[in-house]
Amino acid sequence: MDIFPRGYSGIWLQIASVWFLVMLMQNFRGSLSTSNYLIGLGSYDITGPAADVNMMGYANTEQIASGVHFRLRARAFIVAEPQGSRVVYVNLDACMASQIVTIKVLERLKARYGGLYTEQNVAISGIHTHAGPGGYLQYVVYIVTSLGFVRQSFDVLVDGIEKSIIQAHENLRPGSIFVNKGELLDAGVNRSPSSYLNNPAEERSKYKYDVDKEMTLLKFVDDEWGAVGSFNWFATHGTSMSRTNSLISGDNKGAAARFMEDWFEKKGHVENLDSQHANKSGTAKIPRRVSSIVPSINENRKEAMEVAASFKSSQGQPATRFSSVAKRVRNSLRLADRPQFVSAFCQTNCGDVSPNVLGAFCIDTGLPCDFNHSTCNGKNEQCYGRGPGYPDEFESTRIIGERQFKKAVELFNKATEQLKGKVGYRHAYLNFSNLEVAQGNDVVKTCPAAMGFAFAAGTTDGPGAFDFKQGDDKGNAFWRLVRDFLKTPNQEQVNCQRPKPILLDTGEMDKPYAWAPSILPVQILRIGQLVILSVPGEFTTMAGRRLRDAVKMVLTSGASKEFGRNVHIVISGLTNTYSQYVTTFEEYEVQRYEGASTLYGPHTLSAYIQEFRKLAAALISGRPVEPGPQPPDLLDEQISLLTPVVLDSTRSGAKFGDVKSDVPLNSTFKRGDMVTVTFWSACPRNDLLTEGTFALVEILQGQKTWVPAYDDDDFCLRFIWSRPSKLSPQSYATIEWRIPQSAVSGVYRVRHFGAAKALFGSISHFTGSSSAFVVA
């Protein structure tokens with residue numbers, strides 16, 4: 001018998017179903033947005049001097065900065081327990097971290113925040129681009145090619161790192177973090193496969209590839225604003241840009257970060273416009289790169305041409321320091337009512353991983369290079385790796401960056417595993433020049449730093465010179481004589497480093513000050529089930545695998561059972577300072593470039609594994625660790641031989657900012673074309689225009705309003721600086737805009753910002769613009 005008539009029972013059933021769905025959705029929403037951390041992200045410009053300064057990475061004395069491909073940034077996150085510990089991680093669009101930079105950043109943080117942020121819980125890592133200004137490390141061997149210390153390179157890094165951390169600190173809000181992993185198969189290959197093959201066959205059989213293909217991504221979700229950022233770790237070198245490139249660039253990882261941040265910005269604009277359209281309220285903000293001059297350029301070509309013809313190139317005009325900042329695209333049109341989205345593509349164990357995925361070939365014959373020595377007819381200078389865009393290094397950079405970006409978006413969109421648990425850290429300084437390492441019943445030691453002969457051979461990403469070659473475990477008499485002029489290694493050092501033939505005994509060279517580091521930091525950061533191993537160098541693929549496995553064994557076998565088998569362990573390479581490479585013992589025996597650059601001898605990896613095991617054990621037990629000896633602060637001892645800018649000038653009758661070479665009269669361009677304009681300019685070292693731009697493409701809105709569309713932080717726009725002769729006070733700025741396929745039709749112009757130095761030192765800012773042109 002029915003208790004209620006049929007109609008009433010149906011109504012009650014519907015009400016019950018709706019109630020159940022509402023409760024289910026609330027519980028589901030709560031499971032997604034339940035925050036157990038405070039999260040904050042920040043980002044700041046760290047683009048260094050775009051003229052006269054040697055670039056860091058290839059040690060090529062002829063690779064001198066002369067413009068900007070796209071800008072460099074420091075990107076930071078802070079994760080804190082509401083009433084407990086916190087950690088800071090900073091990713092730099094720079095070749096590597098620097099000990100003196102880290103020291104000075106920590107001093108500033110102590111002055112501002114007391115003991116909140118220290119060497120214990122702050123990690124600063126570099127993406128390993130080889131296209132950033134050098135001269136910011138404190139040890140002699142790393143600043144020889146930059147003519148010593150470059151204060152401008154150093155200052156912009158310290159300032160930018162500090163400001164990114166300040167932003168992250170001030171943005172701390174309740175939020176959640178999700179982790180995801182996935183394979184990316186076509187963004188890296190092993191550039192030293194003969195070394196990798198020297199590892200035990202049984203060990204190699206555990207792995208499908210001879211490089212790590214896994215990307216690990218964190219997705220940061222603010223409780224109120226939703227997604228606010230992502231950081232990921234993936235192994236591939238920042239060497240898509242070659243040793244002859246002279247434009248400042250974040251290489252493939254910097255490009256990927258720019259692509260992802262722009263992707264999210266575009267997604268946010270679309271959602272914002274859709275929302276306003278749906279509500280039919282408010283005035284929709286015009287996203288950048290959208291024209292409103294005429295309904296359709298293709299239908300109104302004549303009208304557009306007439307409008308463009310009315311805007312001739314302007315003479316150079318005075319400007320303020322903040323003119324370019326105000327015109328910067330991502331400053332002026334970023335959604336101001338929500339936190340900035342920050343995306344970082346971090347470096348991990350990339351030591352033997354090249355982005356030049358087509359392989360290494362002889363440039364004279366086109367044949368593959370020698371497998372064991374990477375030579376062509378016995379010479380290393382002709383052997384180069386080829387990127388996927390070969391022979392166009394900019395295209396290779398774009399492709400490898402885009403592949404990382406697309407994988408990151410996929411992982412970002414599908415991230416569901418939430419990080420839960422404690423925030424923690426352990427840190428220690430260690431003297432790697434004489435560290436005892438237990439191996440069974442034996443005790444071995446690390447050595448004072450030294451570089452082998454194969455170091456000078458370079459790699460297939462950037463070969464060296466003279467008659468050096470990879471895989472050289474003998475050396476030669478001539479270069480030993482050259483070496484002995486600087487420092488002859490004693491027999492103990494020779495025995496300790498064997499089978500490495502020592503080319504530079506850097507660990508025992510201290511004139512005018514230390515040539516290489518001895519005291520290195522090791523650090524573990526923990527966020528729930530994620531563990532970051534901060535290492536001050538470039539671990540090879542197998543070295544990184546051994547380190548991760550060793551730490552995982554300690555964490556998962558602990559009595560506390562805090563970590564399950566799903567613990568995520570990532571290596572953060574080139575972090576807190578730099579000490580070159582770390583190979584396995586077996587790879588060291590082969591003495592290719594990576595083994596020759598493993599400074600502290602054949603037992604370096606064993607030392608790292610031993611010490612990270614200690615840190616991991618202390619992390620899960622709650623025990624403190626000995627801080628160890630402090631690294632030296634050598635800032636006051638630095639020597640710089642880089643000459644300052646004396647003055648800037650133009651030819652008679654020209655002003656700074658005047659157009660020297662304009663676009664053709666009444667010109668129309670299509671997507672894919674290159675627009676080129678040259679201005680009378682001045683040395684970019686006079687003002688780095690931090691958070692500003694040297695180059696700008698503007699689009700006409702209405703009949704007379706110019707709106708920023710692209711700047712020197714865009715991949716498609718290049719700022720190229722040059723002098724007519726080396727010692728000339730005159731200089732030019734050439735701005736090249738490769739019109740992207742996504743560019744909208746409209747009327748455009750090119751604009752340049754700069755700063756000129758007078759004879760007695762005063763700096764005057766200026767600007768100038770080209771004639772207008774049509775993009776159809």
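This is a predicted model: local features need pLDDT of at least 70, side-chain atom pairs count only at pLDDT 80 or more; totals for chains, interfaces and linings use all residues.
Staying with the rings, the structure holds 35 aromatic pairs. One of them joins Phe311 and Trp706 edge-to-face, with 5.1 Å from centre to centre and 85° between the planes. Where in the chain do Phe311 and Trp706 lie? Phe311 is in the loop between α7 (301-309) and β12 (317-319), while Trp706 belongs to strand β34, residues 705-711, so that the pair links distant parts of the chain, 395 residues apart. Both Phe311 and Trp706 are buried. Elsewhere, ring pairs connect Phe77, Tyr89, Phe220, Phe231 and Trp233 into a cluster.

Turning now to the whole chain, we find 16 helices and 39 strands, and the C-alpha trace spans about 105 × 80 × 55 Å along its principal axes. The radius of gyration is 28 Å, which agrees with the value near 28 Å that a compact globule of 776 residues would have. Of those 776 residues, 59% are buried, and among contacts with a separation of 6 or more, 79% come from residues 24 or more positions apart. Finally, the accessible surface of the protein chain comes to about 31200 Å², with 55% of it belonging to carbon and sulfur atoms.

Terms used:
Residues are numbered from 1 along each chain as its sequence is written. Side-chain values use heavy atoms; hydrogens and water are left out. Rings of Phe, Tyr and Trp (its six-membered ring) pair if their centres lie within 6.5 Å; planes under 30 degrees apart count as stacked, over 60 as edge-to-face and the rest as tilted. Helices (H or I, at least four residues) and strands (E, at least two) are DSSP runs, numbered from the N terminus. Buried means under 20% relative accessible area, exposed over 50%, partly exposed in between (1.4 Å probe, protein chains only). The radius of gyration is taken over C-alpha atoms; the globule rule is 2.2 Å times the number of residues to the power 0.38. Contact means heavy atoms within 4.5 Å. Accessible areas come from the Shrake-Rupley method with a 1.4 Å probe; for residues, only the protein chains shown count as cover.
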